[in-house]
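Trainee: I'm new to this one and would like to learn how to read it. Could you take me through a few features?

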Amino acid sequence: MVASRDPGCYQNWLRLQPDVKQRYLDQSRKSTLKTLTIADDFAFADLGTMLTEIREDYILFSHPDASVDADGLALLTVKMAETGAGCAYSDEDQVRKDNGRCHPFFKPDFSIDLQLRYDFVGPVFVADRRRLEAALGMYKAKPSSSYELLLALHLAEERIIHVSRIIVSWERPRSRSVPHDFVTESYWRRRYTEEFGLALCSMDQRKKVLAEHSVSIVVPTKDRLDLLSKCIESILESSNDIRYEIIVLDNGSKEQTTLQWLVEAEKKWSNVRVIDANYPFNWAKLCNHGVNESQGSLVLLLNNDVEVTHSHWLDALAIQALRPEIGIVGAQLRYPDGSIQHAGVVIGMGGFADHIYAAFSPSADDCHIFVSPLISRRVLACTGACMMIERSKFDAIGQFDTTLPICADVEICVRFNDGGLQNLYEADVVLTHHESATRKFEPMSALEIESAKEIFHPYLTCGDPFFNSRLSQKSRYPIYKGW
């Protein structure tokens with residue numbers, strides 16, 4: 001933790017950054033670049049006309065308080081040419097009065113959910129002039145900020161790429177707040193139908209959309225009535241605007257009090273069903289069993305040691321899972337003491353896969369060098385302890401892999417991602433998780449580890465795109481690599 005805040009450590013780390021290879025500098029000379037410095041008086045209303053008069057291939061949107069590394073800028077333009085991207089952004093830091101460097105911000109690959117809640121890209125980025133001009137033509141409105149330019153490019157389905165290198169340095173801390181709520185609402189309404197776009201912003205409209213859907217909540221269990229009863233009752237006591245059923249998969253309970261409670265639960269609550277699953281524990285098999293028994297258009301896989309702590313949690317997960325491009329939605333899970341249990345899974349962390357920020361307080365450090373755990377963002381994977389999936393997408397992607405009884409949740413997330421869907425960590429839904437309270441910790445078998453490593457090989461080799469290659473994979477709390 002000390003290393004992550006020590007300017008001296010950061011200064012030493014900067015000296016170890018590899019130089020931009022000469023081939024990038026040579027290739028960048030094939031392209032031309034125009035710099036537009038976006039001051040407070042920048043005439044965004046005239047941007048359309050400016051673009052028709054600019055002849056350069058790329059435009060650097062800069063800021064009076066920012067300095068941009070020239071060699072790094074060459075790298076951005078070359079990467080854009082190689083990938084056909086419409087936009088590219090980099091990591092950033094701050095320049096101290098003594099010309100030292102501090103407060104780095106290492107960013108993940110692009111996530112529209114993150115950008116709509118927190119301007120992590122920032123006002124300094126490079127755009128392809130022709131692609132931006134076409135995107136603004138489809139935007140059908142005059143943007144009022146560089147922030148809206150990014151939204152216009154994303155709505156036009158232009159690729160926005162991230163180069164993990166400190167290229168932008170700020171003279172003073174920059175604001176990362178989103179301009180106005182109406183900008184976010186306008187984005188969703190343009191992205192989807194008017195009705196669905198509003199449902200992502202308005203609870204009243206959300207209620208109308210969710211009236212057509214229902215959720216099957218699948219809860220595997222074995223004894224531990226103290227946890228199960230709290231889980232089920234907390235669900236039933238919470239208020240939501242979507243219909244749901246609870247499917248309790250009894251994986252061989254033996255205690256008489258548990259068996260009696262399960263019988264009474266079905267009688268007491270009409271939307272609770274108990275299904276016999278009397279076979280050796282296999283989380284993936286239990287989940288498949290539960291999904292096959294489900295009747296809802298959405299399925300929520302939920303551990304029996306999760307406790308609901310606020311209202312409309314189910315609605316918030318469901319509306320996100322109904323977005324066409326979303327695969328799996330996970331929640332923010334906290335231990336009973338309030339520390340983070342789950343804020344997204346990073347593949348490669350700990351040598352395999354682990355929960356970022358796990359066991360740290362959500363307010364452990366206000367000056368995050370990565371994204372705060374309190375902000376929703378796209379992730380490569382999330383935990384199966386709370387996992388919302390639209391049933392039709394689950395049927396299309398295939399069931400959980402029963403040969404991976406422990407890490408099948410991460411595997412199916414990777415499968416969704418590789419199949420073109422996005423997985424989302426929904427930080428606004430906060431639940432309590434008494435992790436592994438039901439079952440003792442069981443390490444993965446050597447066979448499962450080998451199978452999983454083969455499946456995750458591209459990410460174990462090249463890194464998790466929604467983390468940052470400059471950060472250590474040996475620490476759950478983001479710190480500089482090597483410190």
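Trainee: Let's take A43: what does A43 count as at 30% relative accessibility?
Mentor: The general idea is that buried means under 20% relative accessible area, exposed means over 50%, and partly exposed is in between, with a 1.4 Å probe and protein chains only. At 30% relative accessibility, A43 therefore counts as partly exposed. You'll find A43 in the loop between β1 (33-37) and α4 (47-53). Helices (H or I, at least four residues) and strands (E, at least two) are DSSP runs, numbered from the N terminus.

Mentor: A word on the source: this is a predicted model, where local features need pLDDT of at least 70 and side-chain atom pairs count only at pLDDT 80 or more, while totals for chains, interfaces and linings use all residues. Residues are numbered from 1 along each chain as its sequence is written, and side-chain values use heavy atoms, with hydrogens and water left out.

Trainee: Is T383 buried or exposed?
Mentor: With 8% relative accessibility, T383 counts as buried. That residue sits in the loop between β17 (377-379) and β18 (386-390). Contact means heavy atoms within 4.5 Å. Setting aside neighbours within four places in sequence, T383 touches L333, H342, V345, H355 and D409.

Trainee: Now helices. At what angle do α8 and α9 pack?
Mentor: Axes are lines fitted to C-alpha atoms, for helices over the stretch in contact, and angles run from 0 to 180 degrees between N-to-C directions. Angles under 35 degrees count as roughly parallel, over 145 as roughly antiparallel, 65 to 115 as roughly perpendicular and the rest as oblique. Helix α8 (residues 146-155) and helix α9 (residues 181-191) pack at about 10°, their axes 11 Å apart. So α8 and α9 are roughly parallel to each other. On the α8 side, the contact uses Y147, E148, L151, H154 and L155, and on the α9 side V183, Y187, R190 and R191.

Trainee: And how do α7 and α8 cross?
Mentor: The axes of α7 (residues 129-139) and α8 come within 8 Å and cross at roughly 85°, so the two helices are roughly perpendicular to each other.

Trainee: Which residues touch the most other members of the largest nonpolar core?
Mentor: A nonpolar core is a set of buried Ala, Val, Leu, Ile, Met, Phe, Trp, Tyr and Cys residues joined through side-chain atoms within 4.5 Å. The largest has 103 residues, and F61, V215, I217, L300, W313 and M388 touch the most other members. Helix α15 (residues 313-321) gives the most to this core, with seven residues.
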